[in-house]
Amino acid sequence: MSSGRRSGLPSVDATKPIVLVIAGHLTPAEVPRFYEELYERLYGELATRPDDFGAAEVICEVGGLVRPNLAAVEVLARLRLDARRRGCRVRLRGAARELRLLLDLVGLGDMAL
């Protein structure tokens, strides 16, 4: 029997990825919204410390992106950076060829599933 502190948040199952849907035509003004959504999904109201991280993976469903642009790349880069700081990886699902090419161009091509 272990009396050690359990890692992660009680409401987050570390074996299940968090899925974020990123769709439409993104503008630079929308970038912070996705960062806030990820933070809320990770921590919710139960977070007591910023380093309490329960999920091991974030899946970004990007199949609904319309004409991927640099705003989409910025959203994905920021999400990846924040998740990596917490020991989590970000993967993409449904990435169109245009988005994969943009990500390759900026060195983030390894994110696509």
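Glu57 counts as buried because its relative accessibility is 17%, where buried means under 20% relative accessible area, exposed over 50% and partly exposed in between, with a 1.4 Å probe and protein chains only. This is a predicted model, so local features need pLDDT of at least 70 and side-chain atom pairs count only at pLDDT 80 or more, while totals for chains, interfaces and linings use all residues. Residues are numbered from 1 along each chain as its sequence is written, and side-chain values use heavy atoms, with hydrogens and water left out.

**The chain as a whole**

- The protein chain has 3 helices and 3 strands, which are DSSP runs numbered from the N terminus (helices are H or I with at least four residues, strands are E with at least two).
- Read from the N terminus on, the elements of the protein chain follow the order β-α-β-α-β-α.
- Of the 113 residues in the protein chain, 38% are buried.
- Among the contacts in the protein chain with a separation of 6 or more, 75% are between residues 24 or more positions apart, a contact being heavy atoms within 4.5 Å.

- Glu57 belongs to strand β2, and its side chain is joined to that of Arg89 by a polar contact of 3.0 Å.
- A polar contact is a pair of N or O atoms within 3.5 Å; within protein, one must be able to donate a hydrogen and the other to accept it, and residues adjacent in sequence count only if both atoms are side-chain atoms.
- When residues up to four places away in sequence are not counted, Glu57 touches Pro17, Ile18, Cys88, Arg89 and Arg91.
- Although Glu57 and Ala83 are 26 residues apart along the chain, their C-alpha atoms are separated by 8.2 Å.
- Arg91, one of the residues that Glu57 touches, is found in strand β3 and counts as partly exposed because its relative accessibility is 22%.
- The C-alpha atoms of Arg91 and Cys60 are separated by 6.2 Å, while the two residues are 31 residues apart along the chain.

**Helix α2: its span and its ends**

- Helix α2 (residues 70-85) has 16 residues, and at 1.5 Å a residue it should span 22 Å, which agrees with the 22 Å between its end C-alpha atoms; the expected span is 1.5 Å times one less than the number of residues.
- At the start of α2, the backbone nitrogen of Ala71 has a side-chain oxygen of Asn69 within 3.1 Å.
- Arg67 counts as exposed because its relative accessibility is 59%.
- Just after α2, Gly87 also has a positive phi, of about 75°.

**Helix α2: its buried residues**

- The buried residues in α2 are Ala71, Ala72, Val73, Val75, Leu76, Leu79, Arg80, Asp82 and Ala83.
- The elements that cover these buried residues of α2 include β1 (18-21), α1 (31-43), β2 (57-61), β3 (89-93) and α3 (97-105).
- Asp82, placed in helix α2, counts as buried because its relative accessibility is 3%.
- Leaving aside residues up to four places away in sequence, Asp82 touches Tyr35 and Leu38.
- Glu36 lies in helix α1 and is exposed, because its relative accessible area is 52%.

**How α2 meets α3**

- Two packed helices are described by the angle and the distance between their axes.
- The axes of α2 and α3 come within 10 Å and cross at roughly 65°, the axes being lines fitted to C-alpha atoms over the stretch in contact and the angles running from 0 to 180 degrees between N-to-C directions.
- Leu70, Val73 and Leu76 of α2 make this contact with Leu99, Leu102 and Leu103 of α3.
- By class, the contact of α2 with α3 has 6 nonpolar, no polar and no charged residues, where Ala, Val, Leu, Ile, Met, Phe, Trp, Tyr, Cys and Pro count as nonpolar, Asp, Glu, Lys and Arg as charged, and the others, Gly among them, as polar.
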